[in-house]
Amino acid sequence: MFKINYKENPDVPLAVLGFILGLIIIFLYTLSPTIHLFSIGLALVLGCAGYITLKEKSFDDIQYHSTITEKRLYDILFVVLFTVSIILWDNSVGRPFSFFLVLTLCAGFLALSVSLSNNKKDYFIQYCKIVILSLNIRYSSYMLAGFIPDVDPYLHAKMNAMLAKSGFIDVLIGKEMSFPIMHIQTAILEIVSAVSIKDASNFAIIIPLIISTTFVYLVARTLFGEKVGLLSMLLVNVSDYHIYWGFSPQTTCYGLLLYYTLMYLLFNVFYSQSKIKWISLSIFITIVLIITHAVSSFIFIITMFVLFLGSVIYSKLYYKSEIVYGGLFLISFIALFQQWFIAIYSKGGKHFFDQIISSLFYYVSGYADFLNRPEATIEIASALPPFVERFADTFGLSLYLFFAIIGCLFSISLKYRDQIKFCYILILVVLFGITFSFPLFGIRNIIPSRWFAFEYFFVSIFASFAIMQIYHLIKSSNRKKMYIIIIFCIMAFFMASNTISNFDSPLWLKSSTISRTYTSSEIQGAKTMIKYSDNIFSDARYGPSVIGIYLSNIESTDSLAYATPNKESIFSKKNNIFLWRNYMLDRPIRTFTQTQNYDRIIVEPVVLGKETFNKLEMTNRIYDNSAIIGYYIT
């Protein structure tokens, strides 16, 4: 009887288990229509089935050698498309569909150029193209904003400006005084370069974050070759959450770039002969990370533990590896908790560790329950946007996971397996397990949106490896080219245009996606009105960000006075000025509601529309700059 050696060949049994798990996750979608359940389950089912299908195929190692003329023609085509994309977003109100279409064509032909590269000059050219494409994607949103996109960066920028002016970190609010590194660097750059805080944030955070993706390339290049390295770097730079953190400068961004740096240093601790140098650098950057951002350092500690655990498991299973990372994990763990016991969560409040533990206990003891999510209630489920739009919004993630699953299964097979790949696969399993298990049980203590960009470091490597494995299965050179272009165009389009990376000009889910990007006219309107009155308010995003933080000297906790929790309360604030944004005619604002079958307040996007506008017109219009209208409520 034929028997499989599961220890030596765990790939097929794991593929079967993954297929079954995927079916179970898809079934959970029928109980709670959370679209991520369907998207992840589908990626697992198709990825595992795809690997089983591909496993026994013979791979074509014959390289197609393109001419120098052909390669330079694709480079010129990229430059033309890149130029068109800049013209489109620079001459449009918002970012039109045509911009995203041209952008994805840039990514597709760039990936094709990578696949045709065969020398150092080619690789360097493609590397530079990835960097400028990444800058283009992020600047298209960053420059669109009158100040800085999103909500939290307003508070961080406010603190950075105050720090540059005063020179003392006690101006930082809450726990930020215990995690000051990003603020100090941005403030120094503002002073030294004599630029605005927006430009200083670009130089201090956005550009270094993009450059840090080079470490993905360097790691993947060592594991799988130059082409996989460059494609991995490309995938990271067009991924949704990396784009988001790339135009929303704050402490998480700085933590992310330090995390990528540490992954490269730790990789060299494993591979390099001169370990002392890399261990010393790792310890130094670890300490910097710990005093930079709490969530990033927590994710790093988990990563370190899994690297150590993975090396132990691998050595026990295969008896041909050394156990590494144990000492580094211990040092990192002690340093992290030392900082958390010292750091104050808020001025005069609890220590950071006490706050985290008490908050976790509160959610676990009071709210944790399987599928305890708002989508599980009839009221919310019946009001969800169309399935097609919700699936389109997560389709990019599904594709990334689909290829990453295939890449992981190839990497754990006997032919490609080694210790570091085994550890990276285990990291992916643990990090994604944490990312999705907390929301699955309705626990809000872990914020999933902060985790994906860290996970993409590993996802991109295995996804690129799988893409190239399938590429080698194709015999025809023309079909190889079409395959690469189509795959990367689709992945880039659905990642760069979903509502994570594109909340300002969404192509779908328009009625439920709240924009946090405010134009120069919208900010100028608030600047003008605040000269005449302190009693100004607007919607629950624009009000606290622009009026409460950007234009006042108060802390964020008090800035809620500049917001309305729902549209009915607009007319109850007598003798106040409401700032109406023309955006509100057909796009939603943030309001809050509660249903009988769910135990917490729910964010409800609501379009104020013509009805509210006509009602406001019956009050006193006192200001109008085409983007903002000020109404005095009587």
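Aromatic rings in a predicted model

The structure holds 51 aromatic pairs.

Guide: This is a predicted model, in which local features need pLDDT of at least 70 and side-chain atom pairs count only at pLDDT 80 or more, while totals for chains, interfaces and linings use all residues. Residues are numbered from 1 along each chain as its sequence is written, and side-chain values use heavy atoms, with hydrogens and water left out.

Visitor: Why are Tyr29 and Phe387 called an edge-to-face pair?

Guide: Rings of Phe, Tyr and Trp (its six-membered ring) pair if their centres lie within 6.5 Å, and planes under 30 degrees apart count as stacked, over 60 as edge-to-face and the rest as tilted. Tyr29 and Phe387 are 6.1 Å apart centre to centre with 65° between the planes, so they are an edge-to-face pair.

Visitor: What makes Tyr29 buried and Phe387 partly exposed?

Guide: Buried means under 20% relative accessible area, exposed over 50% and partly exposed in between (1.4 Å probe, protein chains only). Tyr29 has 14%, so Tyr29 is buried, whereas Phe387 has 33% and is therefore partly exposed.

Visitor: Why is the pair of Tyr416 and Phe465 edge-to-face?

Guide: The ring centres of Tyr416 and Phe465 are 5.3 Å apart and the planes stand at 75°, so this pair is edge-to-face. Phe465, at 4% relative accessibility, counts as buried.

Visitor: How do you know that Lys129 lies over the face of Phe78?

Guide: A charge sits over a ring if NZ of Lys or CZ of Arg is within 6 Å of the ring centre and within 35 degrees of the ring normal. Lys129 lies over the face of Phe78 at 5.0 Å from the ring centre, and Lys573 lies over the face of Phe537 at 4.7 Å.
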